[in-house]
Amino acid sequence: MFPMSDPVRKIIHIDMDAFYASVEQRDNPELRGKPVAVGSPRARGVVAAASYEARKFGVRSAMPSTTALRKCPDLIFATPRFEVYRGVSRQIRAIFLEYTPLVEPLSLDEAYLDVTANLRHLPSASDTAGEIRRRIFEWTGLTASAGVSYNKFLAKLASDYKKPNGQFVVSPAMGERFIATLPVAKFHGVGPVTAEKMNKLGIHTGADLRGQSIEFLTRHFGRSGAWYFDIARGIDERPVEPDRPRKSSGSETTLLTDLTDPNEIEKEVLGQADEVWTWCEKTGTYGHTVTVKIKYADFRQITRARTLNKAVLAQSDLHEIALALTRSIYPLENGVRLVGVTVSHFPAEDGDASDQLDFDFGRI
């Protein structure tokens with residue numbers, strides 16, 4: 001499928017379809033064909049995953065359970081069974097490793113594979129992805145979608161293109177054209193807050209993003225500007241890194257205007273906290289330390305952090321800590337041009353992984 005020379009990489013992004021919810025529907029026939037959410041229906045509960053039947057009503061992961069029930073009154077909640085999900089993930093990882101040792105898990109239900117030289121000597125990355133998906137279904141009874149391309153960014157975009165139970169290839173010849181038509185909100189690494197900021201700047205699609213200079217993007221998005229400049233052109237040189245340990249998860253944004261109103265600053269902080277929380281929920285990884293970063297209009301930067309004895313396991317707790325840290329800087333010394341929130345000190349770092357879904361799939 002890649003007619004170019006050997007240096008062109010062949011990257012697959014495998015994403016299980018509605019993973020947690022699909023496992024529950026597989027194991028409980030009474031749930032099949034019905035709107036299912038994995039999580040708790042209680043007032044402060046959060047949806048960890050939603051079946052495709054539930055998604056038709058607008059139910060999605062990280063949504064408060066009360067909101068999900070308003071959107072879908074017939075929604076059925078299934079109690080999470082993380083040990084079962086880990087077990088299925090080990091089965092899937094075992095399949096991956098039969099094709100390549102270069103497997104980079106992103107969470108329990110998705111991973112990158114570099115199959116430039118696949119162990120089974122299949123003729124193309126597309127054939128490899130198709131065989132892996134078939135074997136996942138044979139072993140687990142679950143469907144997976146796949147994106148195939150020459151880098152990680154495009155492979156991940158491609159895996160969303162024909163979900164569920166689909167596969168899509170973005171060749172080097174079509175990379176920039178494929179990106180040009182997509183909304184920036186669909187780009188991996190562009191969260192809701194950043195997408196909104198881009199939209200306000202007149203950047204709605206990949207083509208709009210490609211039309212901006214690196215100076216413009218750096219001025220408005222800081223260090224991320226260079227990344228946005230590259231991905232708009234289909235450039236992503238990141239290698240697939242097997243079992244890469246993650247030390248933290250953070251999100252930050254450079255504001256359109258310098259802010260001095262505490263209410264507006266705190267709204268932006270909560271937006272960044274929500275982006276971090278989405279990742280925590282997606283990966284099942286929760287940290288002990290919360291850090292808030294503030295950069296003033298004169299580019300001076302300060303951080304405030306708090307480390308707890310146990311991991312932060314609720315979005316409301318993350319909000320409370322982030323706001324307390326933010327309020328510790330008042331009164332403001334200057335206008336604020338950038339805010340960020342980071343969660344770190346994950347349980348695995350100190351040998352206690354009881355509060356997280358680990359990435360160590362192993363081989364069964």
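**Helix pairs and a mixed sheet**

Author: The crossing of α12 and α13 is right-handed. The model under discussion is a predicted one.

Reader: How are α12 and α13 oriented to each other?

Author: Helix α12 covers residues 262–283 and helix α13 covers residues 315–327. Their axes come within 10 Å and cross at roughly 140°. Angles over 145 degrees would count as roughly antiparallel, and 65 to 115 as roughly perpendicular. The two helices, α12 and α13, are therefore oblique to each other.

Reader: How many residues in the contact of α12 with α13 are charged?

Author: From α12, the contact involves I265, E266, V269, L270, A273, D274 and W277. These meet Q315, L318, H319, A322, L323, T326 and R327 in α13. The residues of this contact divide into eight nonpolar and three polar, while the number of charged ones is three.

Reader: What is the angle at which α10 and α11 pack?

Author: Two packed helices are described by the distance between their axes and the angle between them. For helix α10 (residues 214–221) and helix α11 (residues 224–231), the axes are 7 Å apart. The helices α10 and α11 are oblique to each other, and α10 passes α11 in a right-handed crossing. The packing angle is about 135°.

Reader: How many nonpolar residues take part in the contact of α10 with α11?

Author: Helix α10 contributes I214, L217, T218 and F221, and helix α11 contributes S224, G225, A226, Y228 and F229. Among the residues of this contact, three are polar and no residue is charged. The number of nonpolar residues is six.

Reader: Is strand β5 largely enclosed or exposed?

Author: Strand β5 comprises residues 103–107. A residue is buried when its relative accessible area is under 20%. Five of the five residues of β5 are buried, so the strand is largely enclosed by the rest of the structure.

Reader: Which residue in β6 stands opposite P105?

Author: β5 and strand β6 (residues 110–114) form a hairpin with two residues between them. They pair in the antiparallel sense over four bridges. Opposite P105 stands A111.

Reader: Which are the edge strands of the open sheet?

Author: Five strands form this sheet in the order β5-β6-β1-β7-β8, with mixed pairing. Strand β7 (residues 144–149) pairs with β8 in the parallel sense over three bridges, and V148 has V169 as its bridge partner in β8. An edge strand of this sheet pairs on one side only, and the edge strands are β5 and β8.

Definitions and conventions
Residues are numbered from 1 along each chain as its sequence is written. This is a predicted model: local features need pLDDT of at least 70, side-chain atom pairs count only at pLDDT 80 or more; totals for chains, interfaces and linings use all residues. Side-chain values use heavy atoms; hydrogens and water are left out. Axes are lines fitted to C-alpha atoms, for helices over the stretch in contact, and angles run from 0 to 180 degrees between N-to-C directions. Angles under 35 degrees count as roughly parallel, over 145 as roughly antiparallel, 65 to 115 as roughly perpendicular and the rest as oblique. A crossing is left-handed if the near helix is turned anticlockwise from the far one by less than a right angle, and right-handed if clockwise. Contact means heavy atoms within 4.5 Å. Ala, Val, Leu, Ile, Met, Phe, Trp, Tyr, Cys and Pro count as nonpolar, Asp, Glu, Lys and Arg as charged, and the others, Gly among them, as polar. Buried means under 20% relative accessible area, exposed over 50%, partly exposed in between (1.4 Å probe, protein chains only). Two strands pair if DSSP finds at least two bridges between them.
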